[in-house]
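Hi everyone, thanks for coming.

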Amino acid sequence: MGFSTVPCNEFVEVLASKAPVPGGGGASALVGAVGTALGNMVGSLTVGKKKYADVEEEMYELKAKCDKLQADLLTLVEKDAEVFEPLSKAYGMPRETEEEKAEKARVMEIVLKDACSVPMEIMEKCCEAIDIIAEFAAKGSALAISDAGVGAAFCKAALEGASLNVYINTKSMKNREYAEELNKKADHMLDVYPKKADEIFASVLGRLK
């Protein structure tokens, strides 16, 4: 099933079921794509307006970046489901004998690495989106400012949601050096970008109230 192309009601129904995918990672990627699109909408409502002629070229550049990010995040909805299935199967591998235990441990390290790569990429894309939404909020049409605030909130939620999918997998890794390297990257993004998203939101709120 292409989770990024099914109707919204179907995605939500499958998400609510006991089906192994989609899960929190795929949902985070979708929320990130929606948040990015909200920023993109601010750009769409800014270009072509005489009042914003001096930033029009920049708006087009930012919109092009958003177009790519949206597409990437929707692809990551699918990828998250793809990498979770082998992990789900690996958890169910037998471990009665020493040989089975060793084989399960070997496979687990491979699939955990793959399962971490997607939410880590979702986090990176959400950080990029927050940087772009900051520009839309500062320079885009004042009539669409609320959408920039919503976009920032969504991308923050997607970033934090994806981080939990990184941490749950690094926690199970035997290669602690590699796990800590991933944790450090995720920690850094969480140190910087939720604050930035909150600042955008607070700025928008201040302009609306």
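**Salt bridges, pair by pair**

Let's start with K156, which makes a salt bridge with D198, their closest N and O atoms sitting 2.9 Å apart. That pair links distant parts of the chain: K156 is in helix α5 (residues 145–170) and D198 in helix α6 (residues 176–208), 42 residues apart. Both are partly exposed, K156 at 21% relative accessibility and D198 at 37%.

Before I go on, some ground rules. This is a predicted model, where local features need pLDDT of at least 70 and side-chain atom pairs count only at pLDDT 80 or more, while totals for chains, interfaces and linings use all residues. Residues are numbered from 1 along each chain as its sequence is written, and side-chain values use heavy atoms, leaving out hydrogens and water.

A salt bridge here is a side-chain nitrogen of Lys or Arg within 4 Å of a carboxyl oxygen of Asp or Glu. Helices are DSSP runs (H or I, at least four residues), numbered from the N terminus. Partly exposed falls between buried (under 20% relative accessible area) and exposed (over 50%), with a 1.4 Å probe and protein chains only.

Next up, E58 and K139 form one, at 2.8 Å from N to O. E58 lies in helix α3 (residues 56–91) and K139 in helix α4 (residues 98–139), so this pair ties together parts 81 residues apart in sequence.

K139 also meets E135 in a salt bridge, 2.8 Å from N to O. Those two are 4 residues apart in helix α4, about one helical turn.
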